[in-house]
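Subject: Structure handover

Hello,

Please open it first, then read the notes below.

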Amino acid sequence: MNSKNPKRAIETLLVHAGERGAKPVGDPVATPLYATTTFTYASMSELDRAFSGESAGYVYTRFGNPTVGALEEAVSILEEGTGACAYASGMAALHAALIASGLKSGACVLASDQLYGATTALLHNFFKNFGVRVTAADFSDLDCLRELARDIRPQVLIAETISNPLLKICAIDKCAEIAHEVGARLIIDNTFASPYLCQPLTLGADIVMHSATKYLSGHGDATGGLVVTQDNKLLSALAGAKKLIGGVLGVWDAHEIMRGLKTLALRMERQCNNAAHLAERFAAHRRIARVHYPGRSAPQSERETMERVLRVELRGALVSIELRENTREAAFRFMDALQLCLRSTSLGDVFTGVLHPATASHRDLDVERRRQLGISDGLVRISVGIENVADIIADIEQALNVAAAAR
Ligand SMILES: *Cc1c(COP(=O)(O)O)cnc(C)c1O
């Protein structure tokens, strides 16, 4: 205790000693973890100015935090936005994006029929209760989509850059034209592509969102979501959703995701190349009926879409395979026999993970709907990791053989 300060009792010292020390003289090379809920100021007038937004300054972590702010700035730059907001999960981000785009009772959402399962459920189980109408459509049939948009006049169109689980590439530029023609906003979930493969805002999308839980963080140890836009009105609505709905990202997760970003290019290059190898190798495998991978035996129009939409000559790191013995039992036997690839309900991690869409992401759909969408019981989605590709292929091959022998 220096001479300027009166001597305090131990109970007081326990609370204050060491806190709010001098700022470091050297700048830290990495963003520090600002594990603080509030920010104190030397005077009330300074706090008042920060509160009103008259001067830049943090007030309360639910409104904004420097660690989280650094991640928001990074992802905004990567997506070529003018700003971003981070949330506690991809679903919280998606909810905020839908709210920010001004959905209210009576409004209509035109949603891709190939969305992440929880996104479909969010629209149907929550937004519908507030009087929002939801129509699902095949976003790869652009003429149909345009006609439908003119007919139902939606407020929002929503799709994914690479669809789940059949991995079709969305013609984001064309969908943006269709949306804007009817005064709607286009939300693109860019989780499967990451900004390394695609930047939807540069193709005309109004809002791009990410489950940062996947490729952005990439190591299976952080949950978070981000929304980016170039529209300042949308941005303040997104900040409002953060402040009042409160699904904010924690500082530790922000730090982990920020660390993940540094290696996104390296991971994506490796993972996409590994995936391309897998798709190639299993295309003619006798126990596999079909391989879904962007560009594989796609018609010319789809190839053109891929060239316009994907920023680099990579096609993503997910591969879906349909077993020739097209049953749930066969899929489970195959997945159980894997020794390296993990049975895990996520994607985008450094390790290879497998998922059974019919009992995981698309579990809540009835059999008939799954059949219409092309999600059979023998379909397995593989999120390819950064391991040595020969090891991944060997593991899948031995599991296919074990599964067939155990029949
Ligand atoms: C995982 C995922 C989400 C949801 O993200 P969470 O972080 O799990 O809330 C949304 N969209 C897609 C495409 C996803 O893969």
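Start at Gly57. Gly57 is partly exposed, because its relative accessible area is 36%. The classes are simple: buried means under 20% relative accessible area, exposed over 50%, and partly exposed in between, with a 1.4 Å probe and protein chains only. Gly57 sits in the loop between α2 (44-52) and α3 (66-78). Its C-alpha atom is 8.9 Å from that of Glu46, and the two residues are eleven apart along the chain.

Before you go on, note the ground rules. This is a predicted model, in which local features need pLDDT of at least 70 and side-chain atom pairs count only at pLDDT 80 or more, while totals for chains, interfaces and linings use all residues. Residues are numbered from 1 along each chain as its sequence is written, and side-chain values use heavy atoms, with hydrogens and water left out.

Overall picture

The protein has 15 helices and twelve strands. These are DSSP runs numbered from the N terminus: helices are H or I with at least four residues, strands are E with at least two. The radius of gyration is 24 Å; a compact globule of 407 residues would be near 22 Å, so the value agrees. That radius is taken over C-alpha atoms, and the globule rule is 2.2 Å times the number of residues to the power 0.38. The C-alpha trace spans about 80 × 50 × 35 Å along its principal axes. Of the 407 residues, 50% count as buried.

Salt bridges

Side chains of opposite charge can pair when their charged atoms come close. The rule used here asks for a side-chain nitrogen of Lys or Arg within 4 Å of a carboxyl oxygen of Asp or Glu. How many salt bridges does this rule give? The count is nine.

Three of the residues to look at are Arg146, Arg150 and Glu181, which are linked in a network of salt bridges. Arg146 meets Glu181 at 3.6 Å, N to O. Arg146 lies in helix α6 and Glu181 in helix α7 (residues 172-181), so this pair ties together parts that are 35 residues apart in sequence. Arg150 also bridges to Glu181, with the closest N and O atoms 2.8 Å apart. Arg150 is in helix α6 too, so its pair with Glu181 in helix α7 ties together parts 31 residues apart in sequence.

How accessible are these side chains? Arg146 counts as partly exposed because its relative accessibility is 23%. Glu181 is partly exposed at 40%. Arg150 is partly exposed at 46%.

Another bridge joins Arg281 and Glu397, with the closest N and O atoms 2.0 Å apart. This pair links distant parts of the chain: Arg281 is in helix α11 (residues 264-282), Glu397 in helix α15 (residues 389-405), 116 residues apart. Both ends count as partly exposed: Arg281 has 36% relative accessibility, and Glu397 has 22%.

Surface patches

Patches take residues with over 30% relative accessible area and no salt bridge; like charges are joined within 9 Å, and nonpolar side chains (Val, Leu, Ile, Met, Phe, Trp, Tyr) within 5 Å. Accessible areas come from the Shrake-Rupley method with a 1.4 Å probe, and for residues only the protein chains shown count as cover.

Which residues form the negative patch? They are Asp138, Asp141, Asp143, Glu147 and Asp151. For charges, Lys and Arg count as positive and Asp and Glu as negative; His and the chain ends are not counted. Each charge is placed at NZ of Lys, CZ of Arg, CG of Asp or CD of Glu. Asp143 lies in helix α6 (residues 142-152). Asp143 counts as exposed because its relative accessibility is 57%.

A nonpolar surface patch is formed by Ile10, Leu14 and Val15, with about 350 Å² of accessible area together. Val15 lies in helix α1 (residues 10-16). At 56% relative accessibility, Val15 counts as exposed.

Backbone points

Most residues other than glycine have a negative phi, and most peptide bonds are trans. Some places here to check:

- Asn164 and Pro165 are joined by a cis peptide bond, with omega about 0°. Pro165 is in the loop between β4 (156-160) and α7.
- Leu167 is not a glycine, yet its phi is positive, about 60°. Leu167 is in the loop between β4 and α7, and counts as buried at 4% relative accessibility.
- Arg153, also not a glycine, has a positive phi of about 50°. Arg153 is in the loop between α6 and β4.

Best regards
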